[in-house]
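Welcome, and please open your viewer. This tour goes from one selection to the next and says what is there each time.

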Amino acid sequence: MFSRADEQHMAEALRLAEMGLFTATPNPRVGCVIVRDGEAVGTGWHEKTGGPHAEVLALRAAGAHARGATAYVSLEPCSHHGRTPPCVDALIEAGIARVVAAMQDPNSRVAGSGFAALRAAGIEVESGLMQDEAQALNIGFVARMSRGRPWLRMKIAASLDGRTALSNGQSQWITGPEARRDGHAWRARACAVLTGIGTVRDDDPQLDVREVETTRQPLKVVVDSRLQLPLSAKLLASGKVLVAAAVDDKAAIAALQDKGAEVVVLPNARGKVELAELMRELARRELNEVHVEAGYKLNGSLLASGLVDELLLYLAPSILGDSACAMFNLPELTDLAQKRLVQFAGVQTIGSDLRILARVLN
C-alpha cells in the first residue's frame, strides 16, 4: 500500500518527466525524485537521447544524501548498456534503499530485469504507483515497444457538422488561432508529422512546429504513391522529409533526394503505399508518436486499416454543409453494427473552438 507521501513524490516525478515531452524521443519521458527523511534531496528528468537519464541526474543532485534514500521514478530503471550505462548500477552504487516505480519498462531489453537487479542487491522495490498516468505520458513508447508500431494520433480541424474544407479545397482557416497553436503543441510532442500528397497539393503546408517553442522538429512524412510531390513544396525547404511511395521511379527519387528528402518504396497489391508497413518502418526508425494532418482520403485509409489510435478533433462553431469535404472517405455502411466506436478521453474549449480527444476502439 502506497502512502500519501509516496503519491506526492511520484506526482513530482511525473511532472519532471513531462519536461521531456518535446525532446526525449525516441527514449521514454522519465522523471526521478530522491527522497530522504521525507525531503526531496535530488531531482532529475531525461531531456534527450544520449544525455544522462533521470535517475543519474537525481543521484548527482542528491550526492551523499542518496544513501538510504527512496528513489521515485516514473519508469523502471534501465538494466542494459544502451547509449548510456545502466541506471540500476548507479542506484545500487549510490546506496539507494528503496525504489518506487510507476510502471515496468515495456522494452524487452528491460521488462522486469531492472527490478530484479535492484532486488538482488537488497533494494526494496515497489511498482504500479500512478501507472495509468505514466503510461499516458509515454503512450507512443509503450505502443512501439509492445506492438511494433507507433501511436498514431490523427488531428482534424472541422466545422460543427464535421466538414474539413470546401468542395474547392479551401480550408484555411476553419478553426481559430488558439486551436492552431494548440495543434502545434501536439505536433511538437510527436516524432513525425504525416500527410498525403493531396494535402500538399491543396495547402502546400510547411508541416513544422512554429507556434510553440521547441528545440526539435519532427520528421515530415508524405504518403505519395506515384511520387508527385512538387520539388517546390514548402515542406522540402527545411527539416528532414521521408516520402513513402508505391513506385520505384528512379528519376523522381533522385530529384527528391537532391532536395534532401529520403524515399522508401512500400507498394501494396493495389498500387498504393502499404500503410501498415509504413507504420512498421517508422517504428524501426524509433518513432514513438505519429501526428497525422491529412485529407479525408488518407484519413479514411488509415482508419479503415485499423492504424488510428486516437483522434484529436477541433470543432469550430460554424456549419459548412453537405457539399464540403468530410473527415473520412470510408465505404458506405449497410448496418449500424458496422460503425466504428470511439471513447472520449477529453473535451475542452480552446479559444472559440471545441477540442475532443477520442480513442479509437475498433
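**First stop: an exposed aspartate**

Select aspartate 37, which counts as exposed because its relative accessibility is 73% (exposed means over 50% relative accessible area, buried under 20%, and partly exposed in between, with a 1.4 Å probe and protein chains only). Aspartate 37 sits in the loop between β1 and β2 (39–45). Its phi is near 55°, a positive value in a residue other than glycine. Most residues other than glycine have a negative phi, and most peptide bonds are trans.

Before moving on, note that this is a predicted model, where local features need pLDDT of at least 70, side-chain atom pairs count only at pLDDT 80 or more, and totals for chains, interfaces and linings use all residues. Residues are numbered from 1 along each chain as its sequence is written, and side-chain values use heavy atoms, leaving out hydrogens and water.

Now select glutamate 286, in the loop between α10 (275–284) and β11 (289–292). Here too phi is positive in a residue other than glycine, near 65°.

Proline 26 belongs to the loop between α1 (4–18) and β1 (31–36).

**Along a helix**

Select residues 177–189, which form helix α7. Its 13 residues reach 19 Å from the first C-alpha to the last, close to the 18 Å expected at 1.5 Å a residue (the expected span is 1.5 Å times one less than the number of residues). Colour the buried residues of α7, among them Ala179, Asp182, Trp186 and Arg189. An α-helix has 3.6 residues a turn, so residues three or four places apart point the same way.

**Zoom out**

Show the whole protein, with its 11 helices and 14 strands (DSSP runs numbered from the N terminus: helices are H or I with at least four residues, strands E with at least two). The radius of gyration is 23 Å, close to the 21 Å that the globule rule gives for 362 residues, so the protein is as compact as a globular protein of that length (taken over C-alpha atoms; the rule is 2.2 Å times the number of residues to the power 0.38). Along the principal axes, the C-alpha trace spans about 65 × 45 × 40 Å. To finish, colour by burial: 52% of the 362 residues count as buried.
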